[in-house]
Amino acid sequence: MTRAPTSKSGNCPGRAGTFRAPRRAAALLLLACLSACAVGPSYHKPAAEIPAGFKEGAEWQRAHANPDGALTSTWWLDYHDDQLSQLIDQALRSNQSIAGAEAAYRLAQATVSASRAALFPTITANAGATRSEGGVASAAATGIPAGVGNVVTADVAVSWEIDLWGRIRRQLESSKAAAQASDAQRAGERLSIAAAVAGDYFALRQADVDIALLGEQQDIDSKLLAMATANYSQGAGSNDDVLVAQDTLEAAIAFLQATLTQREQLEHALAVLVNVPPASFTIKPSPEYAFQSPAVPLSLPSQLLERRYDVVSAERSAASANARIGVAEAAFYPALDLAGEAGYEHNRFAQLFSLPNRFWTLGPSLAETIFDGGARTAAVREARATYDEDVANYRQTVLSAFQSVEDSLSSCNHLRQQAQSFNGIYDRNRRLFENTRTQRQIGAASEASLLTQRLTLLTAEQNLKDTQASLTQAGVSLIKNLGGGWQWDEHRERQATASDAGTH
């Protein structure tokens, strides 16, 4: 059975008319695209108060030859510790928080691709065959003879939403900004993990030094307790001296146990950071570890806005929210869809692809919501409130960024002065200990005096080492608060966005 051409192609006067209709539709489509506009507010970076310099950075900047130098992305190499570098490299490769941030960024990129795909038409192809039987009543209604018949079809359909009001473009703009925020968060996660590894590692090395010094203090306190006990038994000392010596020894033991606990837990934390079970992770103690504090280049406050991952992420979130206002406002305007279909239909596959069996349709459709109970108005209010919230979060993040840098600079400044003072105390006590040891050798000083002076020297050394370790850790915090070696290239991102907009 050969099906007669339907009204889909019956109005087509011939081949010339077949081609003129799509051409006219394409011309109308081009005119619509050229006149399209994007509703919603244009984005401008929210204003934030930026100081000319850091309050606590004046002395810092004068102390370095190149304060405007940039941090490197491998800043931990400046500490010249191979084990630290290996731990950070391992963490950057296998840490699960970083893996999660990488996955979140891939998700954001996929969202951008999905938003971009909405700019293009959707093309589908269909092929089918049916076998059916029509009765007498059906034949009378349709004009098709009663009986069993076959229908074979093959067609291609095209559907395209014309972005007259910029809803799709605003959605793409929002997705891109959200992906850039995710990229900054990914960089921030890598910086945070690297800084956490460095901070825990230096704290562990501080515990190594303290454990060795406390162990030596415990040995000396044991000897002093034995001397006090012997003196008391011989009537040359009081029981109070014994009690004081016992308390001093027990305090040294308690401090040593607390430091041992701290070191074990720091080792466990490092194991998790490098994605290794704590039971199979060990770092060999280094009681003679020498702490270093390399110079950290201090950027200007304005540069901090491009170097701090949280500031960039907050700003990009505000940009994404601004674009979503346009998406919400576009819902007030009619949606224009262009649909087309072309194919062949016959009752035999062998004769399907012939000109008499061809059909096609092409036409636009315009849809507008008349009443929605205020849903669109509420959506716009929601989008604007979200933008205002993100702007407030951005400004607060900027303030917090300045605060964290000022705090780190303050810590570094004062710890450096403390280290100098403790270094002077250590040098003087070292000379006093040498003098006491010389007096002991000639019999002018007692063994107890020598041990007591040794305890004083150990305390001075511990104060110096702990301050040096704190200064090193404060330097790591400063590097993290300055954004590490990462920097968002806003100019490059704008060029890429403009190029992409021009393409589409």
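I started with the largest nonpolar core, which has 60 residues, and Trp75, Val197 and Phe202 have the most contacts inside it. By nonpolar core I mean a set of buried Ala, Val, Leu, Ile, Met, Phe, Trp, Tyr and Cys residues joined through side-chain atoms within 4.5 Å. Buried is under 20% relative accessible area, exposed is over 50%, and partly exposed is in between (1.4 Å probe, protein chains only). I looked up which elements give two or more residues to this core: α4 (82-94), α7 (167-233), α8 (239-273), α9 (301-307), α10, α11 and α12 (447-481). The most comes from α7, with 14 residues.

Note on the source: this is a predicted model, where local features need pLDDT of at least 70 and side-chain atom pairs count only at pLDDT 80 or more, while totals for chains, interfaces and linings use all residues. Residues are numbered from 1 along each chain as its sequence is written, and side-chain values use heavy atoms, with hydrogens and water left out.

Next I checked what phenylalanine 202 is in contact with (heavy atoms within 4.5 Å). Leaving aside neighbours within four places in sequence, I found Tyr79, Leu84, Tyr289, Phe291, Thr472, Gln473 and Val476 around phenylalanine 202. I also noted a second, separate core of 11 residues, which includes Ala319, Ala321, Ile325 and Ala383.

For the whole chain, I counted 13 helices and 4 strands; these are DSSP runs (H or I, at least four residues, for helices; E, at least two, for strands), numbered from the N terminus. Of the 504 residues, 40% count as buried. Among contacts with a separation of 6 or more, 84% come from residues 24 or more positions apart.

Then the helix pairs. I found α7 and α8 packed at about 160°, with axes 7 Å apart. The axes are lines fitted to C-alpha atoms, for helices over the stretch in contact, and angles run from 0 to 180 degrees between N-to-C directions. That makes α7 roughly antiparallel to α8 (roughly antiparallel is over 145 degrees). The contact of α7 with α8 has 25 nonpolar, 8 polar and 8 charged residues. For these classes, Ala, Val, Leu, Ile, Met, Phe, Trp, Tyr, Cys and Pro are nonpolar, Asp, Glu, Lys and Arg are charged, and the others, Gly among them, are polar.

How do the axes of α10 (residues 309-330) and α11 (residues 375-441) cross? They come within 8 Å and cross at roughly 165°, so α10 is roughly antiparallel to α11. Residues making the contact include Ser317, Ala318, Ala321, Asn322 and Ile325 of α10 and Ala383 and Tyr387 of α11. By class, the contact of α10 with α11 has 14 nonpolar, 4 polar and 6 charged residues.

I zoomed in on tyrosine 387, which sits in α11. Is tyrosine 387 buried or exposed? At 17% relative accessibility, tyrosine 387 counts as buried. Not counting residues up to four places away, tyrosine 387 touches Tyr43, His44, Ala318, Ala321, Asn322 and Ile325. The C-alpha atoms of tyrosine 387 and serine 317 are separated by 8.5 Å, with the two residues 70 apart along the chain.

Last, the backbone. Histidine 80 has a positive phi, near 55°, and lies in the loop between α3 (58-63) and α4. At 62% relative accessible area, histidine 80 is exposed. Asparagine 275 also has a positive phi, near 65°, in the loop between α8 and α9. At 39%, asparagine 275 counts as partly exposed.

Terms used:
Angles under 35 degrees count as roughly parallel, over 145 as roughly antiparallel, 65 to 115 as roughly perpendicular and the rest as oblique.
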